[in-house]
Amino acid sequence: MNSRFAVCVVVFLLLGSLPAGIAGAGGFSSAPETSGASEPAIVNGPNVGSSSSIAGENDVLHQRTELRHLSDRPGEFEVETTFEPPEPLRGLEITLHDDAAVEALEGFETTGDGTYRWDEATAAPSIRYEMPSDRTSDVRHDHDDRDGYTFVDTGEWGVVQVPSVGLSLRTPRSVTLGIEETVTVDGEGAAGDNIAFFGPVEEYERTVDGETIRLVVPEAADLAERPDDILESIAAGSERLDVGSSNDEVFVIAVPADVDWGSRGIQYGDADAWVAADIELEVAGNIWLHEYIHVRQGFANGETTTDARWLVEAQAEYYAALLGYEEGSIRFGEFGDHLERGERSPYADGSLNDPSTWADSDTDYVKGPLVYGEIDRQLRLATDGDRTLEDVFRQLNAQDGAVSEADFLTALEDAGGSELRTVAERYTQTDETPEMWTRWEHEDAFDQPSTTVEYGLGSEPIEVAGQSWERWDSSELDGVETESDAVTDGGDVMAVPAGTTVTVPVTMANVDNRAGPADATLEANGDLVAIEQRHLGPGERATTRLAWTPAEPGIYDLRAGDDRLTVFVRSSPSLTVTDLRVEPDSVDPGETVTATATVTAGGTLPAAGTLPFQSANGVVTAGPVALAPGETGTTTVDLTFDDDGRYEVTAGEQSTTVTVGGGLSRAVSAVDSIAGFGGVAGVVALAVVLAIGVLGRRR
């Protein structure tokens, strides 16, 4: 009786002194969790989105939105959004537009504060709700100062905003999720990312240098121009504007004109727009081009400060007229007359950088392009044609954060000198207004030869987190399938972990017989992510290194000049851990052990990540690793433990243990060598052995 009690006491004390990960099932705590939320865009913000789809992978949250036309209830439409949470997602909350009227929930529960929480059990939670379709606002993309619709539903057809959904995600600390959204119309119609049309349509496409222009012509619209001519005009603008911020797809609807529209065209979101179907092409104020130029203003998506607000419409109006003239659709007289209006009152009476001084709300549309054009002309003259305002436009597109008047002036001074900055300050910060230049003055400035520089990817290694990184030939990667056409046969492919810095060598070669500037750029899915300006002599070559840090998983088209590289950005869930070892598995306190995880790329896509190893001491993250589909590799970390005990180490779904402490280490190792013992059972057996030894001495 006393003997059995003594054994139980010793076993209890030994188990009680073990680390939590060994002492009981479920005692090992998970990694700390973090939340990341995106604010819902109430009216004008773009939807939450990511890069090209990597459907079926476990580091991307898929959000599928289906819109339904309620033809018997004009003014309302139905939305059903379904989510496919990947395995690492620990929590999801969504916030809808204030006007949303929820009809049904599946897998979501209301929190009472306007948000809806996923129950974490439903594999494909969804929410169905109704939205008002008719919208009016002060969005102005022509020169009519009037109220009217920006979105409307007539019952026969409708053009509507795709509602934005605010997302709050909770994931383990080491996991970064991408968000991929798909928008479709249930029935006849068409949808972009941010605008949709209900009703019968015909679609037309044109692709220019990887950018597909998608023109939707409703059956109800009476188009003033041929679809091919509209596409040709926009495509020419796409090819002509070397300012970055191109898109995989530009979505444009020719809306029926017999509506009281508040504007003759609007651009909404990143790359969606509608234009009234009766708009003509061969006019100086070509609204088809105007709205397309808005699509290329990546800097405007980050907003502008009040003093730079004029740039957004001035650029769009100026380049729409200039490109029309250069394409031959209008004559110089029409181009000049269009800009010359900025000389007149009331437009000429205000300071562009101070909207409160504008006597007419269209001052940025009318005086703005005249001033912008004069600055462009002066810049071309000051640099013998080597610099234009497209270079400044490109520089602003590469900037993070809101663009200000000071940013514009600094970029302008960098391109053309301090005297040009003084000219720009006079025309933008006072009511002084330039005069429209003549055709001969235009030729002097705009018809100068410019230095020809070629750009491309360098042969030096690409680095990820400071390490040389492997690229693969896509034709050699069997079974790589995606929902994107980003991967092209024979092109280079690589995989990198989200959140790590990728450094790319970019070459510049002046192939001209005159010295001139060179702007090396790096674009990711059309966004200008890095730029460096140089001056190269005749025939001179140079290489620079440009950096990009992708934030979210997805497929990215990385470009330097005409060279392209497909980059799969992944996070740690894309790596499958198949084995975990610790060497040595028995050490004294303070000694170092090396944990090695064997990882593979599951599925049909390349995998990459920075794998977290967890123990009672916390989380240690290994260096970055990338694997081709089906490939196996290893990644390691060094760990130390200061106290005696037996510690569990985990990575992915695998775990192992390390024993720390001299006598205990040797005893546990001896017990582990006995067949049938190990883990907790081994510790219990050791406790029993020690207890029996104590009792034996008492006898």
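Colleague: Why is Arg 73 called partly exposed?

Modeller: This is a predicted model, and in it Arg 73 has a relative accessibility of 34%. Buried requires under 20% and exposed over 50%, so Arg 73 falls in between and counts as partly exposed.

Colleague: What makes Glu 130 buried or exposed?

Modeller: Glu 130 has 9% relative accessibility. The cut-off for buried is under 20%, so Glu 130 counts as buried.

Colleague: How do you know that Glu 130 and Arg 73 form a salt bridge?

Modeller: Their closest N and O atoms are 2.6 Å apart, and the limit is 4 Å between a side-chain nitrogen of Lys or Arg and a carboxyl oxygen of Asp or Glu. The pair therefore meets the criterion. Side chains of opposite charge can pair when their charged atoms come close. Glu 130 sits in strand β8 (residues 126-132), while Arg 73 is in the loop between β2 (60-69) and β3 (76-84), 57 residues away, and the pair links distant parts of the chain.

Colleague: Why is the contact of Arg 387 with Asp 391 called a salt bridge?

Modeller: The closest N and O atoms of Arg 387 and Asp 391 are 3.6 Å apart. That is within 4 Å, so the name applies. Arg 387 has a relative accessible area of 8% and Asp 391 one of 11%. Each value is under 20%, so Arg 387 is buried and Asp 391 is buried.

Colleague: What makes Arg 439 and Glu 443 a salt bridge, and where do they lie in helix α12?

Modeller: The N to O value for Arg 439 and Glu 443 is 3.7 Å, which is within the 4 Å limit, so they qualify. They are four residues apart in α12 (residues 439-446), so about one helical turn separates them. Arg 439, at 44% relative accessible area, is partly exposed, and Glu 443, at 32%, is partly exposed.

Colleague: How many salt bridges does a search of the whole structure find, and which residues are linked in a network?

Modeller: The search finds 38. A network of salt bridges links Glu 66, Arg 68, Glu 78, Glu 80, Glu 103, Arg 128 and Asp 186.

Colleague: How do you know that the buried residues of α12 are on the same side?

Modeller: The buried residues of α12 are His 442, Ala 445 and Phe 446. They cover an arc of only 80 degrees around the axis, so they lie on the same side of the helix. These buried residues pack against α6 (310-327), α7 (332-340) and α8 (363-382). Trp 440 and Asp 444 are exposed, on the face of α12 turned away from its buried side.

Colleague: What makes β24 and β28 edge strands?

Modeller: The sheet is open, with six strands in the order β24-β25-β31-β30-β27-β28 and mixed pairing. β24 (472-473) and β28 (527-536) each pair on one side only, and this makes them the edges.

Key:
Residues are numbered from 1 along each chain as its sequence is written. This is a predicted model: local features need pLDDT of at least 70, side-chain atom pairs count only at pLDDT 80 or more; totals for chains, interfaces and linings use all residues. Side-chain values use heavy atoms; hydrogens and water are left out. Two strands pair if DSSP finds at least two bridges between them. Helices (H or I, at least four residues) and strands (E, at least two) are DSSP runs, numbered from the N terminus. Buried means under 20% relative accessible area, exposed over 50%, partly exposed in between (1.4 Å probe, protein chains only). The arc is that of the directions from the helix axis to the C-beta atoms. Contact means heavy atoms within 4.5 Å.
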